[in-house]
Amino acid sequence: MSKRPMLLLSIVERDKGKKLIKVLESLNIRMNFQCVGFGTAPTEMMDIFGLGTNDKDIVVSLAAESTVKDMMAE
């Protein structure tokens, strides 16, 4: 299995970042950084990505490539 580090960027609804971090930690992704994002994307783009409002929690995670691949496969 690959130990090469990968950066995982997750954008979730506001106030859902802590819940996501708990899920990531249960999958052995333990290095997580959460911040608040606010943007001005066009409505069409927001609709395409299913992003209802402009304010989001952004979670940046660092993990081994094999761990991220296993998580994404599930």
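Follow the protein chain along its sequence and you get the pattern β-α-β-α-β-α, with 3 helices and 3 strands in total. Helices here are DSSP runs of H or I with at least four residues, strands are runs of E with at least two, and both are numbered from the N terminus.

A word on the source: this is a predicted model, where local features need pLDDT of at least 70, side-chain atom pairs count only at pLDDT 80 or more, and totals for chains, interfaces and linings use all residues. Residues are numbered from 1 along each chain as its sequence is written, and side-chain values use heavy atoms, leaving out hydrogens and water.

The strands form an open sheet in the order β1-β3-β2, with antiparallel pairing (two strands pair if DSSP finds at least two bridges between them). At the edges sit β1 (5-13) and β2 (31-38), each pairing on one side only. β2 and β3 (residues 55-64) pair over 8 bridges, and Phe33 has Val60 in β3 as its bridge partner.

Helix α3 (residues 65-73) lies across β1 and β3, at about 125° to β3. That angle is between N-to-C directions on a scale from 0 to 180 degrees, using axes fitted to C-alpha atoms, for helices over the stretch in contact (heavy atoms within 4.5 Å).

Here are some figures for the chain as a whole:

| Property of the protein chain | Value |
|---|---|
| Buried share of the 74 residues | 26% |

Buried means under 20% relative accessible area, with a 1.4 Å probe and protein chains only. Among contacts with a separation of 6 or more, 72% come from residues 24 or more positions apart.

Note on methods
Buried means under 20% relative accessible area, exposed over 50%, partly exposed in between (1.4 Å probe, protein chains only).
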